[in-house]
Amino acid sequence: GQNIDQPTEMTATEGAIVQINCTYQTSGFNGLFWYQQHAGEAPTFLSYNVLDGLEEKGRFSSFLSRSKGYSYLLLKELQMKDSASYLCAVRYTNAGKSTFGDGTTLTVKP
Amino acid sequence: EPEVTQTPSHQVTQMGQEVILRCVPISNHLYFYWYRQILGQKVEFLVSFYNNEISEKSEIFDDQFSVERPDGSNFTLKIRSTKLEDSAMYFCASTRTGVNTGELFFGEGSRLTVL
C-alpha cells in the first residue's frame with residue numbers, strides 16, 4: 001500500500017519559521033506536492049518537487065530527498081492567515097494516481 | 001484567472017438515489033481528476049481521465065461510480081446508487097499536462113450528503 005506520514009498538529013508564532021516534515025513509502029514516485037487547505041475549502045497548490053533538493057517560492061520552500069523518502073515544507077515569516085492544514089501528496093503513477101497524507105494542522109499564534 | 005468550477009456546491013440525497021456531480025475544468029487542460037474527502041479525513045484519489053477515457057482509478061471507484069465528458073467541456077461523476085458512506089466533499093481537479101507537471105487546479109468542491 002501507499003503510506004504518507006506527517007505530524008497531526010503544529011503550533012508556531014507569527015513571524016517565526018516552521019518546518020513540516022513528510023515521509024512516504026509508495027510503490028512508485030512521480031512527484032511530491034504540498035497543498036494548503038483552509039477548513040471547508042479546496043486544497044490549493046503550494047509546491048512541487050520531483051528531483052532532490054530545495055524549491056523556493058517566496059515565503060514557502062520545499063525540500064525532497066527521494067532516497068530517504070522524505071520531504072519538508074518550510075514556511076517563513078509566518079502570518080496569521082497561514083493557519084491551515086498542510087497536505088503532503090505523492091503522485092506514484094504516470095497516469096496521476098496520487099496518495100495524500102492526513103495533513104498537518106498549523107496554528108499560528110500572535 | 002481561469003478556474004475549475006463545480007456544481008452543485010451542496011447536494012442532499014436519499015440513500016439509493018443516483019447523483020451526478022458536474023465540473024467544468026480549465027479550458028486548455030487535458031487531464032481531469034476526481035478526489036473525495038470525507039469530513040475530517042484525508043483527500044482520496046478516485047479517478048484520472050484523459051483523452052476521453054479513464055487513465056487510472058482507485059479501489060474506491062467501484063461499479064457504482066462512472067465518469068464521462070459528455071460535451072467537451074463538462075466532466076461528470078455519477079454515483080449510481082448512493083450509500084451513507086458516500087457522504088463526502090468531492091473535488092474535481094485538472095491539469096494542462098499529466099506526467100511531469102506541477103500544479104493540480106482544484107474546484108471548490110461539491111458536498112454530498114446521503115441520508
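Trainee: Which residues have the most contacts inside the largest nonpolar core?

Mentor: A nonpolar core is a set of buried Ala, Val, Leu, Ile, Met, Phe, Trp, Tyr and Cys residues joined through side-chain atoms within 4.5 Å. Buried means under 20% relative accessible area, exposed over 50%, and partly exposed in between, using a 1.4 Å probe and protein chains only. In this structure the largest such core holds 22 residues, and B:Trp34, B:Leu46, B:Phe61, B:Val67, B:Phe75, B:Leu77 and B:Tyr90 have the most contacts inside it. Before we go on, this is a predicted model, in which local features need pLDDT of at least 70 and side-chain atom pairs count only at pLDDT 80 or more, while totals for chains, interfaces and linings use all residues. As for conventions, residues are numbered from 1 along each chain as its sequence is written, chains are lettered from A and ligands numbered from 1 in the order in which they are written, and side-chain values use heavy atoms, with hydrogens and water left out.

Trainee: Which strands of chain B each supply at least two residues of this core?

Mentor: Strands here are DSSP runs of E with at least two residues, and helices are runs of H or I with at least four, numbered from the N terminus. At least two core residues each come from strand 3 (19–24), strand 4, strand 5 (43–50), strand 7 (65–68), strand 8 (75–79), strand 9 and strand 11 (110–114) of chain B. For a single residue's view, take contact as heavy atoms within 4.5 Å. Beyond its neighbours within four places in sequence, B:Phe75 touches residues including B:Leu21, B:Cys23, B:Trp34, B:Phe49, B:Val67 and B:Cys92. There is also a second, separate core of 21 residues, with A:Phe60, A:Leu75, A:Ala84 and A:Val90 among them.

Trainee: Is B:Ser110 buried or exposed?

Mentor: B:Ser110 counts as buried because its relative accessible area is 0%. This serine sits in strand 11 of chain B. Leaving aside neighbours within four places in sequence, B:Ser110 is in contact with B:Gln6, B:Thr7, B:Pro8, B:Ser9, B:Leu21, B:Ala88, B:Met89 and B:Tyr90.

Trainee: What kind of peptide bond joins B:Thr7 and B:Pro8?

Mentor: That bond is cis, with omega of about -10°. B:Pro8 lies in the loop between strand 1 (5–7) and strand 2 (10–13) of chain B. While you are checking backbone angles, look at B:Asn51 too, where phi is near 55°, a positive value in a residue other than glycine. B:Asn52 also has a positive phi, near 65°. B:Asn51 is in the loop between strand 5 and strand 6 (53–57) of chain B. B:Asn51 counts as exposed because its relative accessibility is 58%.

Trainee: How many residues does the contact take from chain A and from chain B?

Mentor: Chain A brings 21 residues and chain B brings 24. Buried area is the accessible area (1.4 Å probe) that two parts lose on being put together, summed over both. Between chain A and chain B it is about 1,800 Å², with carbon and sulfur atoms giving 54%. On the chain A side, A:Ala95, A:Lys97 and A:Phe100 supply 29% of the area that chain A buries against chain B, more than any other three residues.

Trainee: What volume does the largest cavity have?

Mentor: Rolling a probe the size of a water molecule over the atoms shows where empty space is left. On a 1 Å grid over the protein atoms alone, a cavity is a set of points where a 1.4 Å probe fits but cannot get out; a pocket is an open set with protein on both sides within 12 Å along at least five of seven lines, and lining residues have an atom within 4 Å of a point. Points are joined across faces, edges and corners, and a volume is the space filled by probe spheres set on them. The largest cavity comes to about 70 Å³. Both chains line it, with residues including A:Phe33, A:Arg91, A:Phe100, B:Tyr33 and B:Leu104.

Trainee: Which residues are the closest to the centre of the largest pocket?

Mentor: The largest pocket holds about 470 Å³ of space. Its lining has 24 residues, and A:Gln37, A:Ser85, B:Gln37, B:Gly40 and B:Gln41 are the closest to the centre. Strand 9 of chain A gives the most to this lining, with three residues. The second largest pocket has about 330 Å³. Of the 16 residues lining that second pocket, A:Thr44, B:Glu3, B:Phe105, B:Phe106 and B:Glu108 are the closest to its centre.
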